[in-house]
Amino acid sequence: MSALADRPANPAVGQTVSHESAALHVTGTALYTDDLVGRMRGCLHAWPVQAPHAHAYVTALHTEPASAIPGVVRVLTAADVPGVNDAGAKDDEPLFPREVMYHGHAVCWVLGETAEAARLGAAAVEVDYEELPSLLTLTEAIDAASYQGHQPVVARGDAESGLQRAPRRFSGTFEFGGQEHFYLETHASLAHVDESGQVFVQSSTQHPSETQEIVAHVLGLSNSEVTVQCLRMGGGFGGKEMQPHGLAAVAALGAVLTGRPVRLRLNRTQDMTLTGKRHPMCASWEVGFDDDGRLLALRATITSDGGWSLDLSEPVLARALCHIDNAYFIPDVEVHGRIAKTNKTSQTAFRGFGGPQGMLVIEDILGRCAPALGIDPAELRRRNLYAPGQSTPYGQPVRHAERLHDIWAQLSSRADVERRRAAVEHFNATHEHSKRGLAMTPVKFGISFNFTAFNQAGALVHVYKDGSVLVNHGGTEMGQGLHTKMRQVAATALGVPLDFVRLAPTRTDKVPNTSATAASSGADLNGGAVKHACEQIREQLAEVAARKLDTQPYNVRFVDGRVTSLGSTESLSFAELVHTAYFQRTPLFAAGFYRTEGIHWDAANMQGEPFKYFSYGAAVSEVEVDGFTGAYRFLRTDIVHDVGDSLSPLIDLGQIEGGFVQGTGWLTLEELRWDTSAGPGRGRLETQAASTYKIPSFSEMPEEFNVHLYERATESGVVYGSKAVGEPPLMLAFSVREALRAAAAAFGPAGRPLELPSPATPEAVFWAVQDARAAAGGRAVPATTPAASGAG
């Protein structure tokens, strides 16, 4: 078998091809979980009964009134669960709770002949509650010492001594918001029981194997009695890694109890009020620099808002701590992490998985401290970039650190930064009521699951007698193009044209014990498994071809659907060879397996090498801010990003652009708000629809957007030399936030630190502008301006 990164002649990987379902997407013929309901006769519909309190005991549950509603078939409660009444992996998420832990918590589910009947039935259910005290904000949770899970520490050297030695010291606090996934397809499951008693669940899930496990233990079945299939998802972004499991279990429970298919699809409001979001966090920090602006020491505490249960909060926090350095070397570090328990939805995975939150802390620190140090923020960042030979605070060498410097230099040249910086200064000097800002930020993001055991994958590849190929693998397709890349990997490994290869839906009875499609590892893991399976088949075929071509197997070559021998003009088609191989009783299918080598992690001490490699990138963004309103325009963004040797350049460009825009949404637009009053609506999510929660649209795209894939960037030890692309680009959006800071600061005196909330909404930017103007002796800041804490 070839080395993992080696590419043969004329590979299908690296070609610019469209998404494998692009035509289905744009014509509306692509099927999603809920589209399958029409193929199921007698399907029932599930509707939740949601609690109107942030925290309460259920003292009585009267389901009889629902039964009187025409079309209501059954109400599912805890008494109906034959197995374990828990939908989580930590035994802390009752599927049917006795204690309501957040506003909107589902206490039972109604099954109806139609969705409307189920809705009316849910409205008729009578529930008595004993209301309890609730904690909604991080401040409330910290004051009450309400924590859950482990409290990890990442440390290197002596942070206290490093701070004492530092000639320039600053301290501050920073609290920043979460983010709603807002995928186009909300959570959906469709379950039925087949003639053999097997429970079959169609689910919009990033982790079919874990969905299978949760459904099985709720039903009291073995995993082999449950099959989960994910046809495709209309977006996931991490929100469908853990959160689909309980919903699938409800549908499966209903199907087992009624003997009829059950469909559960959340509407947008239900999706937003029932399911978790990106973790909001707050940080208190103290940092030291030398006289040249180089980081000497950092001591910080990061508190994550985990919501009502653990979910994935522990690994999310661990990744935040492992990314607080971003792309910068900090000799002495001590960072503490803790997870607050609050009465809100259980916050969960979101693209970047805690990495963006950790990186945002150091980027905010540098952005706030640069003016006080008298150093341009971009120059401060450049001076602190990792250099070859340096290691992270958790002990992992930063391989290819020289790429950071090369990417930085390339981007500066491509984006014409020096000329544009002068143009921005001229604009600001000649415009009193609008200012522009230009900022440049780097990205260093580790690729692999925090939990070492998850770094494995399987695949099942079939070659049929006509030469066509069917690939099953453990990854799920959520629009990110994983299936497209796997087709290209299979076609390359077998030496056949791309149109020979078809992808099958992801199912637990084809590839078992799969990891979630998450951590940007889908192509690395599943690509390695697909390549392994295909190479097993190719080696068997090479034996047959060698006999037919009168040569040795090692001389046989598979290229573009033709099979040849070195030094010979004779050839045969791939289909002819497969046909011959069948009649010689040669195996034409294989199971592939891949596990990531060279990684290890001591979770207790937060030390080791948890990542296979780092993805690098940098972005420079320019904005214009209106001083009267705080409204802003995104004028231009330039990106240089390292994806190794791209498996599929068009897919990777789309991922970079999409990740950047989603990151910009988190940092500038998307503001989650809960009712924190003492009134009857306490704990209610106020931003629970598109009318109150703003996600990026075309108008929030940069007016000029240039993306360049970093060249000559082969990554050894990864399938065909590629690198992950799903999550790292999201953090390129830090450049937009820092550009907004620069623009707002331009309304005030130079050299003054400026705080900027996150998300930096137009309202937040307006107050930052007011603060800058007040410092310049302009209009006084109104008394209602929020109090700020910052670099001192």
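Predicted model: local features only at pLDDT ≥ 70, side-chain atom pairs only at ≥ 80, totals over all residues.
Biologist: Let's go inside. Which residues touch the most other members in the largest nonpolar core?
Modeller: That core has 108 residues, and the ones touching the most other members are Trp285, Val287, Phe289, Leu298 and Ile302. Helix H10 (residues 355–373) gives the largest share of this core, nine residues.

Biologist: Take Leu298. What does Leu298 touch, not counting residues up to four places away in sequence?
Modeller: With those set aside, Leu298 touches Ala159, Trp285, Glu286, Val287, Ile324, Ile330, Asp332, Val333, Glu334, Ile362 and Ile365.

Biologist: And which residues does the second, separate core include?
Modeller: That one has 52 residues, including Leu525, Ala529, Val530 and Leu541.

Biologist: What about helix H9, how many of its ten residues are buried?
Modeller: Nine, so H9 (residues 313–322) is mostly covered, counting as buried anything under 20% relative accessible area. The buried ones are Ser313, Glu314, Val316, Leu317, Ala318, Arg319, Ala320, Leu321 and Cys322.

Biologist: Switching to holes. How many cavities of 30 Å³ or more are there?
Modeller: The count is five.

Biologist: Which residues lie nearest the centre of the largest cavity?
Modeller: Glu93, Tyr102, Gly246, Leu247 and Leu274, out of a lining of 20 residues. Strand E5 (106–112) and helix H7 (244–258) are the elements that each give two or more residues to that lining. H7 has the largest share, with four.

Biologist: How does that lining of the largest cavity divide into nonpolar, polar and charged?
Modeller: Eleven nonpolar, seven polar and two charged.

Biologist: And by class, what does the lining of the second largest cavity have?
Modeller: Ten polar residues, three nonpolar and no charged ones. There are 13 lining residues, and Ala457, Gly474, Ser515, Ala516 and Asn526 lie nearest the centre. Strand E18 (456–463) and helix H15 (522–549) each supply two or more of the lining residues.

Biologist: Where does Asn455 lie?
Modeller: In the loop between strand E17 (434–447) and E18.

Biologist: Why does Asn455 count as buried?
Modeller: Because its relative accessibility is 3%, and the cut-off for buried is under 20%. Beyond its neighbours within four places in sequence, Asn455 is in contact with Ser448, Phe449, Leu525, Tyr594, Arg595, Thr596 and Ile599.

Biologist: Last one, Ser134. Is Ser134 buried or exposed?
Modeller: Buried, with a relative accessible area of 14%. Ser134 lies in the loop between strand E6 (126–131) and helix H4 (138–143).

Biologist: What is Ser134 in contact with, leaving aside its neighbours within four places in sequence?
Modeller: Ala54, His55, Glu140, Asn343 and Arg682. As for Tyr102, Ser134 is 32 residues from Tyr102 in sequence, and their C-alpha atoms are 8.6 Å apart in space.

Methods
Residues numbered from 1 in each chain as written. Heavy atoms only, no water. Core = buried A, V, L, I, M, F, W, Y, C linked by side-chain atoms within 4.5 Å. Buried < 20%, exposed > 50% of the residue type's maximum accessible area, 1.4 Å probe, protein only. Contact = heavy atoms within 4.5 Å. 1 Å grid on protein atoms, 1.4 Å probe; cavity = no way out; pocket = protein on both sides within 12 Å on 5 of 7 lines; lining within 4 Å. Points joined across faces, edges and corners; volume = space filled by probe spheres on them. Nonpolar A, V, L, I, M, F, W, Y, C, P; charged D, E, K, R; others polar.
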